[in-house]
Every structure is written in C-alpha cells, then in structure tokens.
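Visitor: I am new to this structure and would like to learn how to read it. Could you take me through it one feature at a time?

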Amino acid sequence: MSKVFIFDYNKCNGCRNCQLACKDEHVDNDWMPYAKPQPDTGQFWTKLEEKVRGQVPKVKVSYTVRMCQHCDNAPCMAAAPEAVYKRDDGLVIIDPVKAEGIKELVEACPYDAIFYNEELGIPQKCTGCAHLVDAGEIPHCVDVCPHEALRFGEESDFAEEIAAAELLVPERADDKPRMYFLNKPKRFIGGIVVDLEADEVIIGAKVTLENLDNGDVVATETDEFGDFWFHNVDAALYKVYVEADGYLTRVIDTTTVDEDRNVGVIELFVNQLA
C-alpha cells in the first residue's frame, strides 16, 4: 500500500524535533541500500522553515516542514532513471551506488530537497526512513513530533485529510507529491482603532473588510485593546471601513498581494454633527 506524509500547520509549534531527529537517525549511520551517512553539516534532509508574517506589532510566525515530497512523477527520477527509483510503498530512493557522481540531481529537484555529499561523491535526500518502515516502524521525524503535526501512514487512512489538504507548491501538482499540507495559512489583516484626542482605544468599533477583487465582505469588532484581526484572507486589494457610535467613518485602502498586512493605527474623529 502507498504511504503519504501529512503536515498540519495548526499543530506545529516550531520545536524542530523533526529536523533534529533526521540528523540523529542519519548522521554517522549507514542505512544501505537506502542511504549512506548524512554529513554533520550542510545538509537538512528534513528542515523546519520559519516565516515571520506581518509587521510589528501585528506579527505571527508560521512553520513549514521542508523535505522530499516523494513524488509519483518525481523530476529526479526523470533526470536519472537509472539511479532514482520509487518503492511500492511510494517512497522515492536515490540509490547511493548507482547515483555516484550525478551531481545534476541537486538541480533536478524543484523542492530543494536533494544535496550533494562532496566527500562521498553522491546526491542524498530524505529516504522516508525506509529502513525503519521496512521494520514496521515510522520515520523518525514523525515519531518524535510531540503534537502530531507530522504524520505518516497508508494513503487510504488519510483520505479525509488529503481531500482537505494542499500541496507545498500547488503549481507543481503534475509531480504528484505524496506529502500533503493541512491548514496552510493564508494572509491576515490587523490593526488598532483609537481616539487620539481622548488618548483611548475604541472598543467595539465595527470593522468591515471588502475584497476589491471579488466583492466579498466580512466584518468584525475591535476587542478590549482596540485591536481587530481578519484571518485567512485572500491575497488581494481591500478597503477597510471603520465605524463607531459618535465618530466619523474612516475608509482605509490596503493590500495583501505581497504579504500579510498590519494597517497600523486608525484614528477616528468625533462627529461634531452627531
């Protein structure tokens, strides 16, 4: 049966146990015929990538696990079919003997998951801990994940999650990766609403967000700190409407096309005609 990896953004807290476990399992360990030892430095067959999103003080951090996607139509297999093969369970393996000297495999991977071991003269990458899977165990990176952000198992057992998941690089769906990503974060918009004249934040102000690309409208209210957040919004152009009893309405233009957005301090002015 074919195996898959599942990564859930909502469950990852950035502990990097997966990254350390990969080093622990493969540095100085020879797991032939699947892998020769990973170097102490310079290679991360499993790596946790940290991304700081937004602008101070509206900042969030998300983490993405980066590793071989074990594609059914793997570009590395196409580049060196004599040296790279897919097991019946779906794991893609670079043969450490047959791949000797094929340095171009590094560039063949669009996911930056293949490294070249200059000392051994071979390309290397994640094997899915095939040696452990053969023994009825799970990959070490999965085994040490304390919150089950990273899981591994039969494709049929993860059918529901796969249906709701995304790919690491959606544009490369034709590669047919066997790694799926749940709850991939979208953009956010945040800000704070204040009355500078009164030197106070405005609690309970209505904040409406209009997506200028598709016309969608959502609304929220400022909290006890005057803050507001819109989570999981599309990358688009927006108008932000802010209104509160006794104040003039403000309209702010903003965008999340390039990144998450903190619109900053929005000052409301007392409506003298009210």
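Visitor: What share of the contacts in the protein with a separation of 6 or more comes from residues 24 or more positions apart?

Guide: Contacts can be sorted by how far apart the two residues stand in the sequence, and in this predicted model residues 24 or more positions apart account for 59% of the contacts with a separation of 6 or more.

Visitor: How many helices and strands does the protein have, and is it spread out or compact?

Guide: The protein has six helices and 17 strands. Its radius of gyration is 24 Å, well over the 19 Å that the globule rule gives for 274 residues, so the protein is more spread out than a compact globule. Along the principal axes, the C-alpha atoms fill a box of roughly 80 × 35 × 35 Å, and buried residues make up 48% of the 274 residues.

Visitor: Is His131 buried or exposed, and which residues does it touch?

Guide: Burial is read from relative accessible area, and since buried means under 20%, His131 is buried because its value is 14%. His131 is found in helix H4, residues 130-134, and, leaving aside residues up to four places away in sequence, it touches Glu25, His26, Trp31 and Tyr34. With Glu25, the side chain of His131 also forms a polar contact of 2.8 Å.

Visitor: Which residues make the nonpolar surface patch?

Guide: Val52, Val56, Val59 and Val61 make this patch of about 350 Å². Val61 lies in strand E3, residues 58-67, and counts as partly exposed because its relative accessibility is 39%, between the cut-offs of 20% and 50%.

Key:
Residues numbered from 1 in each chain as written. Predicted model: local features only at pLDDT ≥ 70, side-chain atom pairs only at ≥ 80, totals over all residues. Heavy atoms only, no water. Helix = DSSP H or I, 4+ residues; strand = E, 2+ residues; numbered from the N terminus. Buried < 20%, exposed > 50% of the residue type's maximum accessible area, 1.4 Å probe, protein only. Polar contact = N/O pair within 3.5 Å; in protein donor to acceptor, adjacent residues only side chain to side chain. Contact = heavy atoms within 4.5 Å. Patch = residues over 30% accessible without salt bridge, like charges linked within 9 Å, V, L, I, M, F, W, Y side chains within 5 Å. Areas by Shrake-Rupley, 256 points an atom, 1.4 Å probe, with all protein chains shown as cover. Salt bridge = Lys/Arg side-chain N within 4 Å of Asp/Glu carboxyl O. Rg over C-alpha atoms; globule rule 2.2 N^0.38 Å.
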